[in-house]
Amino acid sequence: IANSRHIDVIEIDGASNNGVDAVRELRDSVGYSPSSGKYKVYIIDEVHMLSTSAFNALLKTLEEPPAHVVFILATTEVQKIPNTILSRCQRYDFRMISQQDIMQHLTHVCTNENVRFDKEALWLIARQAKGSMRDAQSLLDQIITYANGHITVASVTEQLGLVQRVLINSCLKSILDQDIAALSRVVADLSLAGADPMLFVEALLEQFRNLLMVKIQAQTHHVPIPIPESELELLQEWSKQVSEEDIHLLFDITLKGSQVLVRAAEPRLALEMLLLKLGSAPKIVSLSQLIENTNSTQSHATVSQPQKAKPATSPITSTERISIKPRASVSETPPEEVSLEQTLHNISDPWLKFVEMVRSSNGFLAALIEHTYIIEESATALRLGLPEKMAFLHDKVSDPKNLERLTAFIHNFWKKELQVSVEMVQSKPTTTMTPKEKAQHSEQEKRNKEREDIENHPMIQKANSLFKTEIRSIKQEKT
């Protein structure tokens, strides 16, 4: 099998034999018994390239395969295979190999072959393989031939056309230090080295990611990321001078710059401007820290004016948010622990109180009558009005069964028998509101009061005066 000479193991290229005729030939040949082995094995490589008609022709054979036949379907795009085929297969996903495992295997190969190597050079090969051991071994073969018995970082970089790690780290350090002059020298070195601008940006993005992982792992004490020990020590040292938010900002700027770089007529010029932009990117400071700094500055500037001592307060961290408790409102929906009797006690309007009582027992009926209002009430009858804009509800409210239920609720609430009728009203008095309109009006008043409380909060007023801003929207988070 390893030498491709076994007569019972047949490999078929799905990309070049993707028609229905090729599958028909396969279907005709599966009936023959194996010549020397126990099974007859058909390996269809790149099976996702088969046409729809070819899949349909293959389906019958997969449903009822002969006992001596085994099919192996190989693909890198399993989502393109029809579900009718997938449901009849056992699925095995081959995942990418970690850089650490690739590095260990390359070290083993070089040791057995008596090839001298630098660890950093093998790390470059493992990173370039992108999880494929086969690609890593192929690259290693090329490097061994080129390196004359000693694999170095320089030989790997030159042979694979990579950007020198020295330049990447030098660029990263200059960005973190906001050293524009050093960044200009990095751009000049890139031009002399003939590095591809896009490859450099991709390597820089990866290094920003590594820097963030190092900073996170310093807090969680996880296993270090798979990079050379010397590079890991550098990132650990540099991560102390930036916050996670700063790294996120630098990564976002670089990612957007890479999209511009693809379309740029002068990629090197675009890269130079991107690096200079990264070098002058602002540091992220929390709003509370800005306000504290401003207060501190103002207090130092007015030392001659004695002030009363203020009680000590704990500083606001960057993750804290302003919490403002809305003022209480009579129409405000009570908490869950408040009883129905307490709720009804706080409502002065009789019809609104009645609708809320009905809602606790029959939500559907309450949803219908919350759009009505009392036109006239006598000792024997109750006339309800329904605004013309809610005409589509008239038939449902006037339904005999709903009126019967409504009459029963009214009898329990008012303790008297009343004949209920519902009328369409073209022009409702402006001073009269339905329970639904009252609830909406109360909710709007509640929002207005909340906005007023937030606008009058000292921290918000301080922020507005510092940055000349205004509140555009207020988001209420669930707790």
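Q: Is E376 buried or exposed, or partly exposed?
A: E376 is partly exposed, with a relative accessible area of 42%. Buried means under 20% relative accessible area, exposed over 50%, and partly exposed in between, with a 1.4 Å probe and protein chains only. The model is predicted: local features need pLDDT of at least 70, side-chain atom pairs count only at pLDDT 80 or more, and totals for chains, interfaces and linings use all residues. Residues are numbered from 1 along each chain as its sequence is written, and side-chain values use heavy atoms, with hydrogens and water left out.

Q: Which side chain does E376 meet in a salt bridge?
A: R383, at 2.7 Å, N to O. A salt bridge here is a side-chain nitrogen of Lys or Arg within 4 Å of a carboxyl oxygen of Asp or Glu. R383 is partly exposed, at 28%.

Q: How many salt bridges does the structure hold?
A: 15.

Q: What is the distance between the closest N and O atoms of K60 and E64?
A: They are 3.9 Å apart, and the pair forms a salt bridge. K60 is partly exposed at 48% relative accessibility, whereas E64 is exposed at 58%.

Q: Which residues are linked in a network of salt bridges?
A: E356, R359, E370 and K436. E356 bridges R359, with the closest N and O atoms 3.6 Å apart.

Q: Where do E356 and R359 lie?
A: Both sit in helix α16, residues 350-359. They are three residues apart, about one turn of the helix. Helices are DSSP runs of H or I, at least four residues, numbered from the N terminus. E356 is partly exposed at 24%, and R359 is partly exposed at 33%.

Q: New topic. At what angle do α12 and α13 pack?
A: About 165 degrees, with their axes 10 Å apart. Helix α12 covers residues 244-263 and α13 covers 267-279. That makes α12 roughly antiparallel to α13 (angles over 145 degrees). Axes are lines fitted to C-alpha atoms over the stretch in contact, and angles run from 0 to 180 degrees between N-to-C directions.

Q: Which residues in α12 and α13 meet?
A: From α12, L250, I253, T254, G257 and L261. From α13, P267, A270, L271, L274, K277 and L278. Contact means heavy atoms within 4.5 Å.

Q: How do the residues of that α12 and α13 contact divide into nonpolar, polar and charged?
A: Eight are nonpolar, two polar and one charged. Ala, Val, Leu, Ile, Met, Phe, Trp, Tyr, Cys and Pro count as nonpolar, Asp, Glu, Lys and Arg as charged, and the others, Gly among them, as polar.

How values were computed: Helices (H or I, at least four residues) and strands (E, at least two) are DSSP runs, numbered from the N terminus. Angles under 35 degrees count as roughly parallel, over 145 as roughly antiparallel, 65 to 115 as roughly perpendicular and the rest as oblique.
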